Amino acid sequence: MRVAIAGSNGLACSIADAITTNTYHQIIILSRAPKPQLSARGWQVVVVNYDESHRQELAFKLAGVSVVISVISGAAQLALIDAAAQASVRRFAPAEFEGPTALRPHPDALDRGKRAALERLQYYQTRGMQHTSFVCGILYERFAPGGMYASGIGQRSGIGAEGDYLINITQKKAQIPFGTDGQPAIVSLTSAEDVGKFVAAAISLPQWPPELRMRGDRMNVSRLVQVAEIVRGTGFEKAQYNSQSMQSALQLAQSTQNIQQQLRVISMIATASGRFDFATPNLNSLVDVTPTRFQAWLQEVWKDR
C-alpha cells in the first residue's frame, strides 16, 4: 500500500519511521521544499505546492496513493483533502493528534482549521473516501527538554516551547488546573514515537471509525507534576487554578494583548474542561503496540540533564 505523509516535522517523521520499520507499506513525504535529511534516510520526498492554482499538479502527485496522513493544517490541508479526493485516495487522516473532536468548543481558539477539515472530509466520505481522527491526548514531548519545539513538533502552534503547557521542568514550576468537580484535571497522554507506531498499525485495519483513540498513559495533573518531581528529585513551585482564576488570567492576557499567554491559558482551561482526556482508547485494543508509560519516558529524556 502506498501512503503519503503530508508534512516533514517531528511527528511526521515518527509516523514515517514507524511505517517503514514495522510495515511493508511504501511511503512518500509531501513537503513544500526539498528535505535532503529525509531523502538520506531512504524516504521519497515529493515537493508540492498547496496553492489552489496547483491542485491538478497535487492530485497528479497523489496518483496511486491509498492513504494520506496529514500533519499540516489550515488552507494547505483543505487543498490536500480536495486533491486526495480527486486522486481517488481511499483513506485520509487529518492533522488532529489531540483530544476527542466532540469535546472541542465552537468557536475554538485552538482550532487552526481542524473543524473545516473535518467538515470537508465528511463531505467526501459520502463519495467514498474514508477518514478517521487519530486521538492521542497530550504528547509527552510537551514535557521534554525544550518542549515540543525541540522535537520539531508544533512549530506553528505558538505554544510548543517548554513550559507553555502546565509544567516547566527546567524552572521547576507547574500549574494545576482544577475541573468544576473540584478535582485536578485528568489528561490522556502518548509519546510521538508511540503515535507513529499506532498510526502505522492502524493503516491496515479493515475499517476506520470516525476516531481511533490511542493512549500511552492517563493521570490527573497533580500526579503528572508529581512524576516530574520524582524524575528531577526535587519539589516544584505549584500554582493551582480554578475556573474563576483561569478566567482572570485569560482576561489579563487579553488586556495586555499577549497572544502567547492567551493560548497558554486557553490550553489550561481546555484541560480543566476534560478536552484532552478520554475513557476508552479503542485503538490500543485493535493493534499490537505496547506504549511507553509517561514516567519511564520522562526519566529517559531527562536522564543526562
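A residue is called buried when its relative accessible area is under 20%, exposed when over 50%, and partly exposed in between, using a 1.4 Å probe and protein chains only. Keep that in mind as we walk through this predicted model, where local features need pLDDT of at least 70. Residues are numbered from 1 along each chain as its sequence is written.

Let's start with strand β1, residues 2-6: four of its five residues are buried. Strands (E, at least two residues) and helices (H or I, at least four) are DSSP runs, numbered from the N terminus. Two strands pair if DSSP finds at least two bridges between them.

| Strands | Bridges |
|---|---|
| β1 and β2 (residues 26-31) | five bridges |
| β1 and β4 (residues 67-70) | four bridges |
| β10 (residues 173-177) and β14 | five bridges |

Together with helix α1 (residues 10-22), β1 and β2 form a right-handed β-α-β unit. Right-handed here says that, with the strands pointing away from the viewer, the path from the first strand over the helix to the second runs clockwise.

Now for another sheet. Three strands in the order β9-β10-β14 make an open sheet with mixed pairing. Why does one side of β9 and of β14 lack a neighbour in the sheet? Strands β9 (167-168) and β14 (237-241) stand at the edges, and each has a single partner strand. Within this sheet, Ala174 has Lys238 in β14 as its bridge partner.

Key. Predicted model: local features only at pLDDT ≥ 70, side-chain atom pairs only at ≥ 80, totals over all residues. Heavy atoms only, no water.
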